[in-house]
Number of protein chains: 2
Amino acid sequence: MGRSSTRDEILGAAARQFAAAGYKGTSLHDIAVEVGCSKAALLYHFDSKEAILTSLCAPAIAELEGLHARLDGLDDATARTTAIEGFVGLCLRYRKEIQVIYGDLPGLLQRPALQRVHLMTQKICEVLAGTSGSPTSVIAAKLVLAGIPAIAFAIDLEMHDYSDEELRAALIEAATRALAPLT
Amino acid sequence: MGRSSTRDEILGAAARQFAAAGYKGTSLHDIAVEVGCSKAALLYHFDSKEAILTSLCAPAIAELEGLHARLDGLDDATARTTAIEGFVGLCLRYRKEIQVIYGDLPGLLQRPALQRVHLMTQKICEVLAGTSGSPTSVIAAKLVLAGIPAIAFAIDLEMHDYSDEELRAALIEAATRALAPLT
DNA sequence: TCTCAAACTGGCCGATCGGTCAGCCACTGA
DNA sequence: TCAGTGGCTGACCGATCGGCCAGTTTGAGA
């Protein structure tokens with residue numbers, strides 16, 4: 001094995017396993033087995049389990065810092081399109097790292113208690129996307145279906161200043177606008 | 001303690017801790033301490049740790065089943081508005097349970113490696129929402145900001161049929177449409 | 001050929017995990 | 001008065017966790 005190739009293999013295996021089972025749900029042993037080395041070898045290349053996570057996310061965070069800095073000084077309209085295009089590009093480019101952050105979701109959804117949830121949201125997604133089935137409408141539907149629970153999740157953490165009725169009305173309006181008209 | 005009040009206290013404490021530290025990040029000991037009973041008492045009221053999660057999510061899942069069933073037989077336009085309003089209402093009503101499902105996110109975002117991410121996405125959120133600061137525009141911005149990474153997350157799991165360019169164009173279009181015009 | 005550092009191993013550590021078990025305590029109805 | 005039951009406890013179990021360490025292998029340079 002070359003000098004840094006093992007290091008990269010560790011990062012790759014860790015990314016896959018964090019994404020599949022979550023950070024806490026992945027053990028150093030699991031990663032070591034996939035790489036084909038000992039657990040101690042992981043801790044030779046990285047100071048700790050957390051250091052693996054840090055190395056994994058560093059490039060994506062650095063690019064987010066860059067986008068963040070680039071927004072200063074732009075006029076409103078340019079800033080908005082820059083933010084949209086930059087954020088979309090960044091999320092697509094670093095989707096593997098994003099899977100790490102959302103890592104526990106797949107594990108939870110596979111539990112018996114939540115297995116039917118995915119099925120039902122898929123049906124709702126079809127209803128939202130309409131019968132055309134074009135990529136545009138399907139992806140818009142998925143954007144809405146993923147964004148709404150994510151906001152419901154964040155409410156109690158940071159958005160105490162909105163009433164339930166404000167939230168409901170604003171969400172329905174934004175969701176309706178995001179979806180293309182029925183064809 | 002009344003007969004079922006301890007049971008409810010357990011569910012409440014479990015919901016809070018799962019939301020704050022994730023399912024895997026919460027131990028039965030942690031829950032027992034908050035409730036003020038022994039770990040064995042939890043396992044007297046519930047068969048296992050997973051049974052607590054199941055009981056916690058059951059009502060929300062039941063309502064999702066109801067919405068799912070109600071969509072059948074409606075015409076396209078009615079189905080769409082029913083889906084949007086039903087899903088928004090459901091997500092707001094069961095936000096606590098949704099926090100459980102997204103449970104590991106807060107824990108991860110608090111790690112040193114990811115602390116700045118939240119700050120930067122907030123700046124991007126302000127840019128997307130514009131200077132008006134109205135609830136409508138802020139919530140639309142949050143919808144977009146939460147939905148895009150969630151889709152980037154889901155891509156490799158279920159959306160192999162779209163090219164990166166299709167995805168990028170559709171996401172930018174849906175995001176732009178979801179955001180209210182700049183004021 | 002010898003040297004030495006980088007790469008790596010197997011074994012061990014204390015801590016913590018989910019779960020089990022025998023038994024205690026308060027209350028209830030016969 | 002006393003048997004019985006629901007609610008609960010403290011002690012314990014095997015498994016697994018992240019991390020540490022002494023020692024071995026390997027390969028390039030002197």
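Where in chain B is Ser48(B) found? Ser48(B) lies in the loop between α3 and α4 of chain B.

This is a predicted model, in which local features need pLDDT of at least 70, side-chain atom pairs count only at pLDDT 80 or more, and totals for chains, interfaces and linings use all residues. Residues are numbered from 1 along each chain as its sequence is written, and chains are lettered from A and ligands numbered from 1 in the order in which they are written.

**View 1. Ser48(B) in the loop between α3 and α4 of chain B.** Helices here are DSSP runs (H or I, at least four residues; strands are E, at least two), numbered from the N terminus. Ser48(B) is exposed, as 11 other C-beta atoms lie within 10 Å. A residue is buried if 20 or more other C-beta atoms lie within 10 Å of its own, exposed if 12 or fewer, and partly exposed in between, with C-beta atoms placed from the backbone. From Ser48(B) to Glu34(B), 14 residues apart in sequence, the C-alpha to C-alpha separation is 18 Å.

**View 2. The surface near DNA strand C.** DNA strand C is surrounded by 18 residues, and the closest are Ser38(A), Ala40(A), Ala41(A), Ser27(B) and Ser48(B). A residue is near a strand if its C-beta atom, placed from the backbone, lies within 6 Å of it. Two or more residues each come from α3 of chain A and from α2 (28-35), α3 and α4 of chain B. The largest share, four residues, is that of α3(A). By class, this surface has eight nonpolar, five polar and five charged residues. Ala, Val, Leu, Ile, Met, Phe, Trp, Tyr, Cys and Pro count as nonpolar, Asp, Glu, Lys and Arg as charged, and the others, Gly among them, as polar.

**View 3. The surface near DNA strand D.** Elements giving two or more residues are α2 (28-35), α3 (39-45) and α4 (49-70) of chain A, together with α3 (39-45) of chain B. The residues near DNA strand D divide into eight nonpolar, five polar and four charged.

**View 4. The contact between chain B and chain A.** Chain B is superposed on chain A by a rotation of 180 degrees with 0.0 Å of shift along its axis (RMSD 0.1 Å). The two copies are therefore related as by a two-fold rotation axis. The same surface serves both copies, with 100% of the contact residues of chain B recurring in chain A. The superposition is by least squares on the C-alpha atoms of residues with pLDDT of at least 70 in both copies. In this interface 78 residues of chain B are in contact with 78 residues of chain A; two residues are in contact if their C-beta atoms, placed from the backbone, lie within 7 Å. On the side of chain B that touches chain A, at least two residues each come from α4 (49-70), α5 (76-93), α6 (95-101), α7 (104-109), α8 (115-129), α9 (135-158) and α10 (164-178). The largest share of that side, 17 residues, belongs to α9(B). Its residues comprise 48 nonpolar, twelve polar and 18 charged.

**View 5. Helix α10 of chain B.** The 15 residues of α10(B) should span 21 Å at 1.5 Å a residue, and the end C-alpha atoms are 21 Å apart, in agreement. The expected span is 1.5 Å times one less than the number of residues. Buried in α10(B) are Leu167(B), Ala170(B), Leu171(B), Ala174(B), Ala175(B) and Ala178(B). These residues cover an arc of only 125 degrees around the axis, so they are on the same side of α10(B). The arc is that of the directions from the helix axis to the C-beta atoms. Glu173(B), also in helix α10 of chain B, is partly exposed, with 16 other C-beta atoms within 10 Å.

**View 6. Helix α1 of chain B and residues in contact with it.** His45(B), in helix α3 of chain B, is in contact with Thr6(B), Arg7(B) and Ile10(B), leaving aside neighbours within four places in sequence. Val100(B), in helix α6 of chain B, is buried, with 24 C-beta neighbours inside 10 Å.
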